[in-house]
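Please keep the sequence and the model in view while reading.

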Amino acid sequence: MSPERIIEQDSAAAWRRLAISLILATIGGVGLWSTVVVLPVIEADFGIDRGGASLPYTATMIGFAMGGVLMGRLADRVGIMIPVMIGAVILGLGYIAASMAGSYWVFIAIQAVMIGALGSSVTFGPMVADVSFWFLKNRGIAVAIAASGNYLAGTVWPPVLEAAIADVGWRTAYLWTGVFVIATMIPLALFLRQRADLDAQEPPKAAMLARINLSPFALKALLAVAGIACCVAMSMPQVHIVAYCVDLGYGAARGAEMLSLMLGLGIVSRVASGFIADRIGGLLTLILGSSLQGLALVFFLPFDGLVSLYLIVALFGLSQGGIVPSYALIVRDFFPAREASRLVSFVLMATVSGMAIGGWMSGELYDLTGSYTAAFLNGIAWNLLNLGIALWLLFGRSIGGRRTAAA
């Protein structure tokens, strides 16, 4: 790659494109959080229990995970602008349709298909992959910023939706959310019409894969397992910290404070990990984040005092943010740019699946044992699996590289 190409990739125009992508990811990320906010009111509206009211969230996450791969394939073919426009229209219409849903199952179907699979999904994996095309020297920080959109959505949208629901009801709030999504995302998507020169970004795929003695399919599968494993571990404190604090007698308010602290520091660590990745690479950044996350999970076992928990939650938040974006950087290191949108979406789909599986698994272990000890141990075991895969890729690549050089 020529120096001129490097300058073009990390130009002012690339940073402006990143800013637009972050705004789009924050707006489109509403699909991940709206069901959490409306859970109590749809419980009353549809006359269902708490478990039933939680099902739309699960359906949305499953749709989000699967739709990311579909939208990633489309982005590989036509660029990111058209998938974003399609996603914006379907997401907006999904909220409008959900506001008129007359039955619980229709509401779930809309959440899964229109809001999750064909709407919000385009603003995560495909968007992160597209941002990676426009940066080389600063690719780590750029990918980390783009991947922070869903965290920012979790910061911005819940209070906005909560206020709107209290003022006009959840159906009207959903209706205007749909209108806002369409009115803002489509004009913003026009700024992404230029496509990157992917032919100039082909890595030495065969040589890099040969160094770790893996086929492309095997590496994809291994990264998917690693993505599931890290997020099964990650989900335990994220999903259950409020309930854990209630069990310890600290109350739900303290748990909510800890969750807010965890997610807030997650944004900080996500951006910081981008700077780190630009210096040491995606694989080493994954190992660093996974090691710190595992250490934080271990600390949950002997320490359950209030001050201790705040400190452990802070460590956990500072460790987790950089893990997921690292996979996008690893994919860019090993695979051709023309496959990036699909493969980044595939691996990030695995991380979303890990969050869904881990949250459920921790609850089941609590029901079986009556405490969260087994759930923490389960998270530690999955984290070790993730760390083991990352270390194997690191040392396998290093050993393979020395053998190739010697040959």
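A residue counts as buried when its relative accessible area is under 20%. In this predicted model, Arg17 has a relative accessibility of 9% and therefore counts as buried. Asp130, with a relative accessible area of 6%, is buried as well. Arg17 and Asp130 form a salt bridge, in which the closest N and O atoms are 3.2 Å apart. Because Arg17 lies in helix α2 (residues 12-28) and Asp130 in helix α7 (residues 125-133), the pair ties together parts that are 113 residues apart in sequence.

The whole structure contains four salt bridges. Another of them joins Asp45 to Arg171, with 3.5 Å between the closest N and O atoms. Asp45 belongs to helix α3 (residues 30-46) and Arg171 to helix α10 (residues 170-189), so this pair links parts 126 residues apart in sequence. Asp45 is partly exposed at 38% relative accessibility, and Arg171 is partly exposed at 26%.

The packing of helices comes next. Helix α12 (residues 216-247) packs with helix α15 (residues 306-320) at an angle of about 150°, and their axes are 11 Å apart. The two helices are therefore roughly antiparallel to each other, and their crossing is left-handed. Residues making the contact include Met234 and Ile241 of α12 and Leu309 and Phe316 of α15. By class, the contact residues comprise eight nonpolar, two polar and no charged.

Helix α16 (residues 323-334) and helix α17 (residues 340-369) also pack at an angle of about 150°, with axes 9 Å apart. The crossing of α16 and α17 is right-handed. Among the residues that meet are Tyr327 and Arg332 in α16 and Leu343 and Thr351 in α17. This contact has nine nonpolar residues, one polar and one charged.

Key: Residues numbered from 1 in each chain as written. Predicted model: local features only at pLDDT ≥ 70, side-chain atom pairs only at ≥ 80, totals over all residues. Heavy atoms only, no water. Axes fitted to C-alpha atoms, helices over the stretch in contact; angles between N-to-C directions. Helix = DSSP H or I, 4+ residues; strand = E, 2+ residues; numbered from the N terminus. Parallel < 35°, antiparallel > 145°, perpendicular 65-115°, else oblique. Left-handed = near helix turned anticlockwise from the far one by under 90°. Contact = heavy atoms within 4.5 Å. Nonpolar A, V, L, I, M, F, W, Y, C, P; charged D, E, K, R; others polar. Salt bridge = Lys/Arg side-chain N within 4 Å of Asp/Glu carboxyl O. Buried < 20%, exposed > 50% of the residue type's maximum accessible area, 1.4 Å probe, protein only.
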